[in-house]
Each structure stands twice: as C-alpha cells, then as structure tokens.
Amino acid sequence: MSAEALAKESLSRPSAQAWEAQRRRDKLLLQLRRAGVYALAILIAVWILFPILLIANMAFSTPQDVRAFPKSFFPNPISLDSINFFLSTEGIIRATGNSIFVALLAVVLSSLLAVPGGYAIARYVFPGRDAIRLVMLSVRAFPIVVLAVPLAVIFLQLGLFDQPFTLALMHTALTLPTTVLVISSVFASVPYEFEEAAQVFGCTPLQAFWQVVLPLALPGIAASAILTFVLSWNEVFAAILLTLSNRTLPAHILYNLDKSSDPFKFAAAFVMLVPSMIFIFFIRRYLFNMWGQINK
Amino acid sequence: MAEITITNAVKKFGKFVAIDNVSLTVHEREFLVLLGPSGCGKTTLLRAIAGLGMLDSGSVVIGDRDVTYLPPRERGISMVFQNYAIFPHMKVFDNIAFGLKMQKKPKNEIADKVMNAAKLLHIEGMLDRFPSQMSGGQRQRIAVARAIAVESPIILMDEPLSNLDALLRLEMRAELKLLLTRLGVTTIYVTHDQIEAMSMGDRIAVMRAGKILQLDHPTRVYDLPIDQFVGGFIGTPPMNFLHGQVQRNGAGYTVALGEFHLQPADDLQPVLGRHDGKPIVIGIRAESMEPSKSPLSDALPVTIDVVEPLGSQNLLTACIGKDTIKVSIHPDFPVTAGDNLWLRFPINKVRYMDADTGRSITADTEKALA
C-alpha cells in the first residue's frame, strides 16, 4: 500500500483514543443496563417480600412492641405470645384444619376432573370442543361473588351446607375452568408421537398416558394445583356463605376481625401465610424440574 | 416369520385418498424403502403397518397373522420415529429399556439387552444421562437402540435421519445399513431423500399420490424408471427428458430431435411403430452420455451454456430446442461455456416414454399390447 493510501485510510478511521473512548462508553452503558435489570428485580422482590417480613416481624413481637413506635426491623425480644394467643383462641385450630382439608380436597377433586378434561380438549376433536373451551374461559370472566351466590343457592337447596366437603366442591367448581385450560395447554405441548412410541413398545393407550404423558404434564398439573390451593385457601366469600359452625380459617378470622386486637391480626395473617407457602415450596419442584426436559 | 403382506390397502382422510389400493409384500430380512415426495402416502402406509392408523379397507399380514385390526403393541414390531420420540423424563437407560420393561422381562436380562443395544450404537457411556443433555445425533442413536433392544423381527423407520445435519446423516446411513443387515431384521424405511433410498434399500417402492409406481432394486429403479416421474425424482441431477418425434426411416423407426435422428434398439422397433409420427419423450441420465469435442455423425450437437465444477465431476447445462439437458462429465474433460459439444447416446441407456402418459415404452409394452 502506498504512503498516500495509508494516510487516507487512517484519516477515514477514528483515532485510537476515540476508538477506546467509544468502547468504554459502550461498556458502561451495558453495565448500566444490567444494573437496571437487577434493580428492577430487587424492587419487585422487595415489593412482595416486605409485607411478609412486616407481618412476620409483628407476629413474633411482644404485644407491647406491636403498639410501640418507632418499630424495629426485627422482633426484639422474639416472642411467641401473639401466636400462642391466636392459636389458643376458640375455634382457630379447627378452622385451620377445615381450611387445609378443604384446600387439599379441592386440589384433588379439581386435578381428578381437570386432567381427563384437559386431555380430551388437547387431544381429541369432538363436536362442541371450541364452544366448551369458550364457555370455560367466559366463566373466569365473572367475579367469584357472582358465581358463588347461585352455586350457594343450589347447595342450600340440596341441603349440602355447613360442611367443609361442600365448600371443597364449591372451590373445585370455581377453579375448574382455569385448571382445565392450564392442564390442556400442557397436554397439547406433549407431542402425540410420545404416546405412539409408548404404544408401539407395548403400552395400552391408558398405560401410555400414565407412563409417558402424565409425568410430562406434571408441571402444568402442579401449577394448577397451586392455583387451586391458593384460591381455596384465600377464598372467603363462599366460605362465609356456605358454612357457619364449620368455618375455614379466613372466614373465621374475618368474622372475628373487628373484635380483635392488632397482635391477634398479625398473628392471624402470619398463620394464614405459612401453609400456602409450605404447599408452594413443595409443589414448585415439579413446576421447574420438568420444564427443562420437556423443552429439550 | 417376519414377512409383511399388504393387500388392497385403502386409507382416506376425508376426501383425500392417502393410500390408494396398495398391495405390497416385504420379504423376510429385506430392507425396503418407501420413497416419495411429501403427501404421497408413504408415512401413512408405514403407520398402517405399525397399527398407528387403521386402514379403511384391505389387510396387513405379518408372518402368518392378520394384524389389520390389532393395536400396535400386539403386532410384534418396533419403530424409530421421525422426531425420535425419546421420552424426556426418562434416563437413556430407561428409554432403551422401555419396551423390555413393558414385556416384564427380568431385571438382569433387561440390563444385558440395554447394554448390548447401547454398545451397538456407541452410547453405552451415556446410559444414566437425560436425553435433554444430548445432541440430535445422540438422541437418534437412543431411538435406534430402543427399537433394536426389544429384538423384534421387524423395524419400521419413519424418516429417521431427516433431522440430522448432512455430515451426520451420511455417517448414520452407512452405520444403520450395516447394523440392520447384521441383525437380520426386516426393515421398512420411509424417506423422501432419494440418495438415502438408493444407498440403503434392497428394494425401493417409489410412491406418488397414494400409489406405488415402481417397486424394484435401486439400480433398476435408477436405470429403468417406469415413468417420467420416477426418472425425474430419482438421481441428482434428475434424468434428462427430451421431446422428439417418431419417424419412419427406411425399414425402421428413428426418433427425431430436431435434425438429429436417434436410432433405437431393434427390439423397440415394433412398439415405436405404434407411435409413428407422434411426439415421444426420451429419457437419459446425465452421466450416460458420451461427449466429444469433434463432430460425429451419430451424436447430438449442443452448445454448452453453463459449466458447474462439482469436484468429482463437472455438470454441463445446454439447451436442445425447448428442453434443457444436464451432462455430467469427468472434471478433466476440457470444456468451457460457449463450446460446442457432440453427445452420443448409448443405445441401452436411453428410455423412451409416451409423451402423453409419461409411461416408459419397452419391449415388454409391445408384448402386453400384442
């Protein structure tokens, strides 16, 4: 290359310093963007975790500390007085038992119904399939209050009231549209070729479903189980409507709320939190474990 | 007994006829390839044999059992699926062992057979991994290992290599052929890749629109295609088709390609007589022509438009009237675009085809008509 051409080339290019400066700016921008993402994630986590921390903090403080101001970030001294007081209140243990029973039964019932239902919608073309899907979806458009009243009327007419079992039926009915759709979309994502392969290698259609499709659909079933459990655990309107002496925990607490002290409320909130967190903790294994394998 | 006989099979999807009255016998230990473009019914036919889709009419007999209405698990077959259908929630060992476990074989027997199958496919070191941690080629091997582990006398394969990259496909092709021949199983292999069909099959069934057009040994399908479709579908480049006219020339008939007259074999004279004065199509493979740089009286003069060096050969393109012709020549043959070339057509390499139906015209056609 001639000297002239070299000079031209170096002119058309940015100088070494400018090049380096540009590189630094780009790097800084990249780091800023990354920091932004982390900041947002932390903000969201705090948004969700702070109320839980606050509740736990208050629940384990002495009643005097609950009323004190300013409040400390950690309970000091740690005290189980509020929790003990709450748990020893008349009917709380029973209501907790009812709640767990209702929520678990609703999970079992809705899974038992939604698994075959979701499978049918995912795999088979039958008359009215799209209509059924639409109707299910539209049921979710109504608030629970609107749905609960007619259902409650039917239960009352049938004489099925003031029993945890009835409430489980009610919660199953309320949650079924969502669980069927969630589970059917998971079944749809399991290739039919898997079932065919299982059948070629010796399975009946039912065995193929049991051994191959169901394990692969577990994440969806887990997700819908969480939905059902949380809905049932938190649901209070239908619970108040349908039960009187056999109240679930939220119904019982709500009923007593205006007559109770602040420490009682914080203890109640904490006790309400714990079982659903334990449930989600165990179910989440299925939620995350399997996906990596389905999506190759 | 692992002979498969299909008789008058018909399968429709709504109004679409996927299999149109197909009859086929696959011999014991044979490697039969079902070859055709997509939508020709080859996969539907394979699925009917597997029991994954019931026929509307006709029958499937495996060995001495009519399995037409039996579910897949009772047919004594094994299968490799196009997308492998490896179970993602099972380790490689359990995938390969799946069929044996369903047969409730004893544990140590299962372990032995899985190990054998895995060794044959060189995946014995990966048995306790999950398929998601493996590459496409390795998953392919799991699928084949699972299929051979059950030691079924019949293995059905539905485009098993179509998801692999070109190099891996080449490698697996030879390996599969060797493996299946050694095992002595009857194989039905579906593919749309004519090179795969040519290289692997003992026989090829070329399918189109639900029918088997030609069922023969690969070289015969290649050299003697039954019609224009088969000639055009098989071979890279496809067979050349030139439009000519049958003319009476002294005592016999010749085929005129413009000024040039092609002299057919003697045994074709009577049947060509039936086409006297009519248009006809001649088919010739790119590598069958003998090129010459100097004028010959019995050769077709062409001007070369394009020269494509392909390494092992050079591919020439020229126009003859409205037809394009591809000629494959040795790379050392000196020719550049614009050159004139004279092409000789060896008498036994030329196929004559009816211009209307595309069917080959042979001495046998005359016997059938006479």
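Modeller: Two residues are in contact if their C-beta atoms, placed from the backbone, lie within 7 Å. In chain B, 65% of the contacts between residues at least 6 apart in sequence join residues at least 24 apart. This is a predicted model, in which local features need pLDDT of at least 70 and side-chain atom pairs count only at pLDDT 80 or more, while totals for chains, interfaces and linings use all residues. Residues are numbered from 1 along each chain as its sequence is written, and chains are lettered from A and ligands numbered from 1 in the order in which they are written.

Biologist: How many helices and strands does chain B have?

Modeller: Chain B has 10 helices and 21 strands; helices (H or I, at least four residues) and strands (E, at least two) are DSSP runs, numbered from the N terminus. Along the principal axes, the C-alpha atoms of chain B fill a box of roughly 80 × 50 × 35 Å.

Biologist: Into which domains is chain B divided?

Modeller: The bounds come from an automatic or database domain assignment. Chain B comprises domain 1 (4–229) and domain 2 (237–369). Taken over C-alpha atoms, the centres of these two domains of chain B are 38 Å apart. Where they touch, domain 1 of chain B gives six residues and domain 2 of chain B gives nine residues. On the side of domain 1 of chain B, four residues are nonpolar, one is polar and one is charged. Ala, Val, Leu, Ile, Met, Phe, Trp, Tyr, Cys and Pro count as nonpolar, Asp, Glu, Lys and Arg as charged, and the others, Gly among them, as polar.

Biologist: How is the packing of helices α7(A) and α8(A) described?

Modeller: Two packed helices are described by the angle between their axes and the distance between the axes. Helix α7 (residues 144–158) of chain A packs on helix α8 (residues 164–188) of chain A at an angle of about 140°, with their axes 11 Å apart. Axes are lines fitted to C-alpha atoms, for helices over the stretch in contact, and angles run from 0 to 180 degrees between N-to-C directions.

Biologist: Which word describes the direction of α7(A) relative to α8(A)?

Modeller: That angle makes α7(A) oblique to α8(A), since angles under 35 degrees count as roughly parallel, over 145 as roughly antiparallel, 65 to 115 as roughly perpendicular and the rest as oblique. From α7(A), the residues in contact are I144(A), L147(A), L151(A) and F155(A), and they meet T166(A), M170(A), A173(A) and L174(A) of α8(A). Seven residues of this contact are nonpolar, one is polar and none is charged.
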